[in-house]
Amino acid sequence: MKIDKTVIKETKYIALFVLILSVLMQSVFLIIGHWHYFVLLGNIWGAAVAIGNFFVMGLFVQKAVTQDEKDAKQTIRASQSLRMVGVFILVVVGILIFKQTPTRVAILIPLIFPRIAIMLRPFINKNK
């Protein structure tokens with residue numbers, strides 16, 4: 001399957017936003033005195049999971065738009081279920097690897113960064 005340009009473009013947008021918000025989050029950890037390089041590693045783990053989840057969603061949507069309505073709905077439902085299980089497993093693995101509490105928080109917070117990026121998209125593309 002060839003990856004559509006839109007999937008790549010939107011994933012890059014999400015990745016940029018996750019990077020910006022991750023730097024902001026690292027700054028907050030530094031300011032409150034809980035920064036450790038494990039926090040950075042946890043942040044990288046959570047960011048990779050969040051960006052990967054968005055990318056895989058894009059691939060499933062790309063597949064769904066080529067199907068009839070019934071199959072498309074089934075594909076999207078399967079995508080949501082598989083991605084949630086995958087995210088859960090990867091987060092649990094990350095939490096087991098990084099046992100410090102601030103690091104666990106740093107794994108979980110980036111999972112909401114794509115939602116923030118999506119919410120802000122209409123304001124960023126206002127001129128288009």
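Let me begin with a working definition: a charge sits over a ring if NZ of Lys or CZ of Arg is within 6 Å of the ring centre and within 35 degrees of the ring normal. In this model, which is a predicted one, the charged end of Arg121 meets that description, sitting over the ring of Tyr13 at 4.0 Å from its centre.

Elsewhere, ring pairs join Tyr37, Phe38 and Phe98 into a cluster.

Now to the overall picture. The secondary structure consists of 5 helices and 0 strands, and the C-alpha trace spans about 55 × 40 × 20 Å along its principal axes. Of the 128 residues, 30% count as buried, while among contacts with a separation of 6 or more, 75% are between residues 24 or more positions apart.

Finally, helix α3, residues 69-97, has 29 residues and reaches 42 Å from its first C-alpha to its last, close to the 42 Å expected at 1.5 Å a residue. Its buried residues are Ala72, Thr75, Ser79, Arg83, Val87, Val91 and Gly94, and what covers them includes α2 (37-64) and α4 (101-108). As for the surface, the protein exposes about 8600 Å², with carbon and sulfur atoms supplying 71% of that area.

Terms used:
Residues numbered from 1 in each chain as written. Predicted model: local features only at pLDDT ≥ 70, side-chain atom pairs only at ≥ 80, totals over all residues. Heavy atoms only, no water. Phe/Tyr/Trp six-rings, centres within 6.5 Å; stacked < 30°, edge-to-face > 60°. Helix = DSSP H or I, 4+ residues; strand = E, 2+ residues; numbered from the N terminus. Expected span 1.5 Å × (residues − 1). Buried < 20%, exposed > 50% of the residue type's maximum accessible area, 1.4 Å probe, protein only. Contact = heavy atoms within 4.5 Å. Areas by Shrake-Rupley, 256 points an atom, 1.4 Å probe, with all protein chains shown as cover.
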